[in-house]
Amino acid sequence: MTDVQFESAMHRICQGDKQGLKDIYEAYIGLIYSIVKDVVQSRESAEDITSDFFIKLWDKADSYKSGMGHKTWMTTIARNMSIDYLRKSRKEEASELLEEIDPDAFTGQEVENESPVEQEVIANLSIKEAFSRLKESERQIMNMKILGDMTFQEIARALSIPIGTVTWRYQNAVKKLRRCGYGTGF
């Protein structure tokens with residue numbers, strides 16, 4: 001969907017035309033869901049937040065300013081909604097855990113580094129599993145670049161980080177995927 005098509009759909013939404021929302025939904029459901037799922041790491045929560053995103057898009061359609069880059073605008077909203085969800089749920093989990101934690105039970109054991117055998121297993125992972133091995137920030141950039149067909153500049157604006165950081169994380173993600181046996185298709 002081009003910026004012009006998006007702006008037309010947003011204009012129709014502002015006039016109460018549900019077809020405008022349907023057009024945006026059909027064009028971007030995959031991208032929005034992917035961004036949300038990368039942040040929250042839960043299919044059920046991602047589905048709920050994605051639904052809420054499109055409700056919010058309907059409610060906030062009049063706040064869209066043309067020329068902002070619609071993909072950047074949408075991905076920023078989706079990411080912020082996901083982070084807000086995590087903050088809320090983590091606060092709830094933390095308060096529940098604090099009630100259950102025995103302070104004498106902590107052993108201080110560290111996580112071990114991956115052994116050569118584990119590295120060999122990683123090389124045989126499926127693409128989905130390989131993506132799950134990426135850091136959240138790397139996976140998010142890969143999804144925005146591949147699924148969202150966004151430029152590095154658009155991604156940088158959406159995530160409010162320097163373009164150099166975006167390209168560096170993208171390159172690191174590509175290197176990790178290649179180590180897992182996925183060629184140069186990225």
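Axes are lines fitted to C-alpha atoms, for helices over the stretch in contact, and angles run from 0 to 180 degrees between N-to-C directions. This is a predicted model, in which local features need pLDDT of at least 70 and side-chain atom pairs count only at pLDDT 80 or more, while totals for chains, interfaces and linings use all residues. Residues are numbered from 1 along each chain as its sequence is written, and side-chain values use heavy atoms, with hydrogens and water left out.

**Overall fold**
- The chain has nine helices and zero strands, where helices (H or I, at least four residues) and strands (E, at least two) are DSSP runs numbered from the N terminus.
- Of its 186 residues, 35% count as buried, a term that stands for under 20% relative accessible area, with exposed over 50% and partly exposed in between (1.4 Å probe, protein chains only).

**Helices α2 and α3**
- The axes of α2 (residues 18–40) and α3 (residues 43–59) come within 8 Å of each other and cross at roughly 145 degrees.
- Contact means heavy atoms within 4.5 Å, and the residues of α2 that meet α3 include Leu21, Tyr25 and Ile32, while those on the α3 side include Ile49, Phe53 and Trp58.

**The loop residue Ser160**
- Ser160 lies in the loop between α8 (152–159) and α9 (163–179), and Ser160 counts as exposed because its relative accessibility is 65%.
- Although Ser160 and Thr76 are 84 residues apart along the chain, their C-alpha atoms are separated by 8.7 Å.
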